[in-house]
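Here are my notes for your first pass through this structure. Please keep the sequence and the 3D view open while you read.

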Amino acid sequence: MLDTVVIPLLKIAVLVNAVLVAVTFLVLMERKVIAWAQSRLGPMRVGPYGILQALADPIKLILKEDITPVKADRYVFTLAPIMSLVPALVVFAVVPFGPDPLYYIGDINVGLLFIISVTSIGVYGIILGGWASNSKYPLLASLRASAQLISYEIAVTMTLVSVILTTGTLSLVGIVEAQRESGIWFGFIQPVALVLVFIGGLAETNRAPFDLPEAETELTGGFHTEYSGMRFALFFLAEYANMIVISAVVVLIFFGGWLRPFPNIAWLGFLDLLPAWIWFVGKVFLFLYVFIWIRATLPRYRYDQLMSLGWKVLIPVAIGNLVVTGVFKVVF
Amino acid sequence: MTVPAPRASTSQFDTNELVINMGPQHPSTHGVLRVVLRLDGERVLDADCVIGYIHRGVEKLCENRDWTHIILLTDRMDYVAAATNNLGYVEAVEKLMQIEVPRRARYIRTILAELQRIASHCLWLGTHAMDIGALTVLLYAFREREFVLDLFEEFCGARLTYNSMRVGGLPLDIPPGWDRKLRSFCDLMEGKLDDYETLLTNNRIWLKRTRDVGVISGEEAIGLGLCGPPLRGSGVSRDLRKDEPNAAYEEFDFDIPLGTRGDTYDRYLIRMEEFRQSIRIIRQGLDGLPEGPVMGKVPRLLKPPAGETYHAIESPKGELGYFLVSDGKSTNPYRFRVRPPSFCNLQGLKRLVRGHLVADVVALIGTIDIVLGEVDR
Amino acid sequence: MAEALLFYTLAALILGLGVMVVSARSAVHSVLFLVVNFLLVAVLYVTLNAEFVAVIQVLVYAGGIVVLYLFVVMLVNLKQAPERFSDPRRLARSGLVLGGVVLALIVVVVSSSLRAGAAPEGTLSGFGTPFTSGNTEQLGWVLYTSYLIPFELASMLLLVAMVGAIVLAKRHLGE
Amino acid sequence: MLEITPLHYSLLSAALFMIGVIGVLVRRNVIIIFMSIELILNAVNINLVALSDQLQDLAGQVFVVFVIAVAAAEAAVGLGIIIAFYRNKETVNIDEIQIMRW
Amino acid sequence: MDLIWLIPLLPGLGAALNGLVGIRFFSKQTAGLVAVSTMAVAFVLSVVAFLGLLGLPADERYHEVTVASWIPPIPLETANGIGSFEVPWAFALDPLSGMMLLVVTGIGLLIHVYSVGYIAHEPRGGVARFFCYLNLFCFFMLTLVLGSSFLVMFVGWEGVGLCSYLLIGYWYRKQSASDAGKKAFIVNRIGDWGFILGIFLVFFTFGTLDFREVAEAAAGMPVEVGFGVLSLICLFLFIGATGKSAQIPLYVWLPDAMEGPTPVSALIHAATMVTAGVYMVCRNAVLFSHAPMVMEVVAWIGVLTAFMAATIGLVQTDIKRVLAYSTVSQLGYMFLATGVGAFAAGAFHLMTHAFFKALLFLGSGSVIHGMNEEQDMRRMGGLKAYMPTTFWTMAIGAVAIAGIPPLAGFFSKDEILYRTFLHSQALWGIGALTAVMTAFYMFRLINMTFLGRYRGPEWGHPAGGEAHDDGGHGHAWHGPHESPRTMTAPLMVLAVGAVFAGFIGVPAALGGSNVIEHFLEPSFTAFGAFHAAEEAHHLSHTAELGLMALSVLLAAGAILFAYRNYVQQPAAADEMARTFAGPHRVLTNKYYVDELYGATVVRGTMEGANGLWTVDQRVVDGAVNGAGWTTIFSSWVSHVLDKYVVDGLVNLVAWVCAEASYLFRRAQTGLIQNYAFATLLGVFAFVTWYLLAR
């Protein structure tokens, strides 16, 4: 009973809270990083260097009035943010933070597929949110978002297939272990796949330069235009949680998960003094930094350009990568 | 959301056409412009601009002020380029009254106008880039604009609405040390321009978003009455600083950049080059700044002889013209009329956006560089 | 015990959601119930040691097909459901059907339990691919060996369906 | 009762199947009818998976994969037809889709 | 010799090149070069082939080359049961065709060269067009000559007719030219009608169309005393020949054909095409010699044509028309020769005539060219001073045609007259008279043109003839002048030919061996009887010499008479014309033959057509309309029946079905759900049955 119910429940509670806290600090990090990139200071008032802004933001959002437009479909309007956030959190069930079973909730043998499939559920939140608002801009944005998510999902899945081909397993623990055994992170074996997954990840999380669904200069905020208060916060949380998920996936698959750099070089063993989960979280935040960095730098794609990039560049390249990987697999 | 535009198809089931309302509360319409878009999916079939949300009746107000008080009303039209507004007005009055302006004053006016051009273009660059999604450029550009505002503040005490010129010259000479600061700003600005260009000019996404977007030929641009960078972007060499020199422009050496394709990217490149040309003019002005008074001989009470005049200058946004009628009796203008460049350029929007996507609309509003205060007056 | 609890809970939810799908007034709500229904069916698959199928169920059904439904519903976007006027004959017919359902179920239950002892032993198909939990690899083997040709045919079917859907839904140039 | 046998799954499957059939028979919105068809297919899938587990034979799961593929194809083409039809008639009421009778 | 198929092909290629590419792209020089070079190569090949032929023994001089199978065997009914109609595309070389080959390619080559100069004033595309036609003509003519069967020959025959039409109408903007072209084409059609009937009959009679096989078969048949099938064949063929070779009654097109460019007149209407009829008759010598009755007709037609044309020629003033009538007259001579059985003499005359008539035509072309398109002899005179080469060469030609020894015409003409004398004195008389007139009008031509006083227009200003101003080129005319070298060189070559060509046929009476006759003989044999019979009444050499001397004397007298009339006392001619006003008018109007044809044939056709039209309008249409009314009425009746009786029945059946099916139709609601419901019920029923029955 303890092992099958209590411990997992505890882990889930800890993990969900950790993710949510991470998200709030991620928001702070984004504000700070972009501010620095733009030669500003960012939040400075709440706490030293604005650190407590991470708490102030959620409190503000919780306290705000939660408006439901009159013409909205109120059930769906309420459900949409939940459907957006839940898959983002569910994914963490299979994300291993370290080699030990203590560090993950479950290691299922179709872990990678699980992540792909669950994140694909997240699109409902966006579509329904846009539709339920019964407003034109959110509707346009949600149509854009769903088309974008589905398109890029294909590219990402195609790319991940070539990774699966290399490892021979769908289990995320298995993938990291495979990297330890081969002594090299897959990011160096599959650089094309790394780039593709990262670009696809940017698109799937609606991050710049693919942030069309929430392009505030075009669509005044996208699908969550009509949302406010906590329901808006849930969308917000979902987006940032998704960023963490994508970063985690990239790290697990391409950057050795919890492994230290150069796991095959013995004299670097002192790096193992840091716990595995620190390595993992550190790498994840590194990628999150890259996300933010890109947002600070690049302009935004246009919808048609985004679609043609997805369908005409990423998917063909992913297929090509898959074929090349297959050929290598067979030949060597 | 009320939609006044006629619906081409009355059926609410029609999936082909969607009418959406961009603005007046929209982050990318640069104020309170309202654009009613008829969409086919994401493609714009037609666009109608609805203006007048900040109409204050400036022209009518001016007809009830005396000639000197009008200057501070002109500040409020293109409020991001108040100095050029002043310049155009005072020169128009000087033309009407045939007042000789001291050379030093003309030099300083030129410097101020070009400085104002830098400030205005900074604002344009930042907002245009942000409309297309490049956030950082906005803050960079505003950072540099801040320097300009500081300089203006030091010169005339105001940061936005300067009221910086007078009929017959300038109210004040430049403060001591101001020219040195201006010079260092010029050096600084040149470096920052390279920064902007690094971020944008060869950026693939920027190119994709601006190349071949909103293409307009020279003939069409003339036909629509476009002026300023949108006109020059289509390869029409029309710049009043060269064509009808005012202030001290005929004594300066500068180039007029011209576009070839007439698309958004060309207009971007032109404005970037205008930054550099402005810096060049400012430097020449500082180098050759003559000594002498900054205010000419002007009567206490301005009372131009009966008559009318039209005087236009090249403001940062294009041809800014003032049409003044004096009855010769009162101390107010009988008629005060402005030809605002933003208003004329905005007429091109309908033509530019047709056939493009919604996302291009904001890019195109950005590229024609409007200020609603000037459009509505 | 736990297994039975899980099963009955899932079964109740699945059936309940199925009824909601069929009876929901708004098409969008219907789609939503359908998604949840599919997710629960996926959970059911997991209890039946079919993780791969479960994931595919989520990925393809919930993540793909139903999104398509949602798209179409939003595109068609009817303010009122078409059933705004009632049809007594239809209700009568529905009653008849429901009666038939109950009858059929009773017949099935009775006949099955009567012959429960006579259930066939061993494998039915003769392919004889026993499996353990975590059988994705085995499934792959079966799919790419015994069922290679049907698999390829399915891929062709999907291709054809894709082309057909594009042709059907594409707005023709003249319009 | 507490032991879950394939019969339970079969009953669940049959019930879901019947719900789907009722949906097909009584709803007028073509899209909901299509969704009911998906329910029917799912009912079949439940049966297949349950028996696959019971008989320790992967063929059942293989067929589920095929069913899903066919369902995807059916949804794509069917919804394409609905869209095309809706463009012409501006309705998705199945009672009005009867121009070919007699 | 196996390459003889190349000989027609080469000009064909040239024609294709000039026609398809040249009209648009070739310069004048290129077009001329293409045409001349193909002809030159063809000529060289012909010479080679001819030499090869000479190398063979006399009785083996026959070589056939099958290029391709043309018409596959088709079973057709003939007099001897079902025959196989099979025609290969085959060329045959034998002495007769060999001689013709040389004539056609040789003279053709010269005329091509001449044309380069003559046509130089035409626009660029026109030059290529001209050479295209000219080459095409050579292609068809050579096909005609070399064809080993009637059908291949017929292809050439029709082809040259087409080219003749095209070339006569070369200046198609000129009404008279295009009319003349049409006239030639239509008149030729009449002859072709005869020819093709002859071909049908040949096939029907012999079951083959190959000349050699026909000849062998005919040789096996007895000479017809009366009018049999062979006679019919020959008559038909001869009708064809009269058309092509401008004999009574179908000669009228040839004088009009002079509207074409002069080289065309020289090549087609003097040297080659018009002799095709003669050639064809010679080809079928065996057939003809088995039909003496037709031979008689041929002889008389020939001699009458010769006489009539010569008389007309006496008074013509258009230089080319004189030559045209002279040609008709000479062709009459040739037919006279064939008619009396002297095929070799006919062919010989054909050859010599080709030389001197081509020479004369080209000379006249040169004159016309020099006189700025002036054709009326009355406006010439004294041109000897301006164009000496033309004068001398033409004088040689005139002497040759007049029959003054030792020039070519003397030998061939005297051979014909001698043979005619053997056959019939009456024919001889007319023939001799014609010869005298020939000498007179030829020298009338020479005298009026070259001698005496210049009567032409002043030069230095544009001058045009009354009928041919549009032929002028608008540039200032600087007086009569000699033609360019490309034109005079062929004249000289032909003059040499006109002088010496006769020597291959010097008769035995003059110590010669009549080479040509012996050479050609194999072409006319496959027979012996006729020849032997002809040998029987052979005159002595003395008599033969006497006849020769007589004709020479008469010719010389005529020449002198002409000289007196047109050079010494120009007024004498007019006086004569006044004295014999009636005949003169008749002759000037060419015996009113054109008018006669116009009044009879043409008008008759028109009237007939009108009559037929009236009949059509009144009778046929009336009948048709009547039928129409009848139909309408009957269909109305039928309609009533159909509507109320037949349809009633059908509708009754349908109604019964519809009523009967009302019940079942209710099931076909078009509502999918109803169908699904029915399906479901069916499934239930089936499952229940299955479970219970198990």
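1. Start in chain B, at one pair of residues. B:Thr309 stands opposite B:Leu324, which belongs to strand β5(B). Bear in mind from the outset that this is a predicted model.

2. Now widen the view to the two strands. β4 of chain B covers residues 307-315, and it pairs with β5(B) over nine bridges, in the antiparallel sense. How many residues lie between β4(B) and β5(B) in their hairpin? Two residues separate these strands.

3. Look at the next neighbour. β6(B), residues 335-339, runs antiparallel to β5(B), and five bridges join the two. Two of the residue pairs can be checked by eye. B:Phe323 has B:Arg337 in β6(B) as its bridge partner. B:Val325 has B:Arg335 in β6(B) as its partner. As background, strands of a sheet pair through backbone hydrogen bonds, either parallel or antiparallel.

4. Is β5(B) mostly covered or mostly open? Strand β5 of chain B, residues 318-326, is mostly covered, with seven of its nine residues buried.

5. Move to chain E. Its secondary structure comes to 26 helices and two strands. Chain E has 694 residues, and 50% of them count as buried. Take the contacts in chain E between residues at least 6 apart in sequence: 80% of these join residues at least 24 apart.

6. One helix pair in chain E deserves a close look. Helix α3 (residues 95-118) and helix α15 (residues 343-370) of chain E pack with their axes 10 Å apart, at an angle of about 5 degrees. α3(E) and α15(E) are therefore roughly parallel to each other. On the α3(E) side, the residues that meet α15(E) include E:Leu96, E:Val103 and E:Ile111. On the α15(E) side, they include E:Met351, E:Ala358 and E:Leu362. This contact of α3(E) with α15(E) has twelve nonpolar residues, two polar and no charged.

7. Chain E averages a pLDDT of 80, and 92% of its residues score at least 70. Two stretches of chain E call for care. Residues 461-475 of chain E have a pLDDT below 50, with 20 contacts in the model beyond near neighbours in sequence. Residues 527-536 of chain E are also below 50, with six such contacts. Where pLDDT is low, the predicted coordinates should not be read in detail.

8. Finish with the complex. The predictor gives it an ipTM of 0.66 and a pTM of 0.57. In the contact between chains D and C, chain D supplies 57 residues and chain C 70 residues. α3(D) gives the most to the side of chain D that touches chain C, with 22 residues. By class, that side of chain D has 42 nonpolar, ten polar and five charged residues.

Terms used: Residues are numbered from 1 along each chain as its sequence is written. Chains are lettered from A and ligands numbered from 1 in the order in which they are written. This is a predicted model: local features need pLDDT of at least 70, side-chain atom pairs count only at pLDDT 80 or more; totals for chains, interfaces and linings use all residues. Two residues are in contact if their C-beta atoms, placed from the backbone, lie within 7 Å. Helices (H or I, at least four residues) and strands (E, at least two) are DSSP runs, numbered from the N terminus. Ala, Val, Leu, Ile, Met, Phe, Trp, Tyr, Cys and Pro count as nonpolar, Asp, Glu, Lys and Arg as charged, and the others, Gly among them, as polar. pLDDT is the predictor's confidence in each residue, from 0 to 100. A residue is buried if 20 or more other C-beta atoms lie within 10 Å of its own, exposed if 12 or fewer, and partly exposed in between; C-beta atoms are placed from the backbone. Two strands pair if DSSP finds at least two bridges between them. Axes are lines fitted to C-alpha atoms, for helices over the stretch in contact, and angles run from 0 to 180 degrees between N-to-C directions. Angles under 35 degrees count as roughly parallel, over 145 as roughly antiparallel, 65 to 115 as roughly perpendicular and the rest as oblique.
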